[in-house]
Amino acid sequence: MTPLAKQECVPCKGGEPTATDEEIKEYRSQVPNWDIQTRDEVKQLERIYRFDDFKDALKFTSQVGEIAEQQNHHPKLVTEWGKVKVTWWTHKIGGLHKNDFVMAAKTDDLYNQS
């Protein structure tokens, strides 16, 4: 478990700054399997997880949903046969926040336990 995965998300009220390039580099070192995508000028963390079938992909999707509810920070989830694409970003600030990296680490931990 990475240090980020042990942390809790802090409530985001909006108006906070997005993570700096230096912070992104630091946080990303703890979640190296995640890609940074930019959509409509908004940086997002994204990873595709592979599974043997739809049932396991759906189970993982549900588990990610459970931790998202616990942390009150929600991703975009796309579930297909044999894979789940998870995308984290902070909607209120239109970009990446430390919370997104914390949740990426927690998502990796879930996957490693399955």
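1. Which residue is the bridge partner of Leu77 in β4? The partner of Leu77 in that strand is Val86. Strands here are DSSP runs of E with at least two residues, and helices are runs of H or I with at least four, both numbered from the N terminus.

2. This is a predicted model, in which local features need pLDDT of at least 70 and side-chain atom pairs count only at pLDDT 80 or more, while totals for chains, interfaces and linings use all residues. Residues are numbered from 1 along each chain as its sequence is written, and side-chain values use heavy atoms, with hydrogens and water left out.

3. Strand β3 (residues 76–80) pairs with strand β4 (residues 83–88) in the antiparallel sense over five bridges, where pairing requires that DSSP finds at least two bridges between two strands. Two residues lie between the strands of this hairpin, and Gly82 takes a positive phi near 80 degrees there.

4. Thr61 belongs to helix α2 (residues 54–71), and Thr61 counts as buried because its relative accessibility is 14%; buried means under 20% relative accessible area, exposed over 50%, and partly exposed in between, with a 1.4 Å probe and protein chains only.

5. Once neighbours within four places in sequence are left aside, Thr61 is in contact (heavy atoms within 4.5 Å) with Leu77, Thr79 and Val84. The side chains of Thr61 and Thr79 are also joined by a polar contact of 2.6 Å, a term for a pair of N or O atoms within 3.5 Å, of which, within protein, one must be able to donate a hydrogen and the other to accept it, while residues adjacent in sequence count only if both atoms are side-chain atoms.
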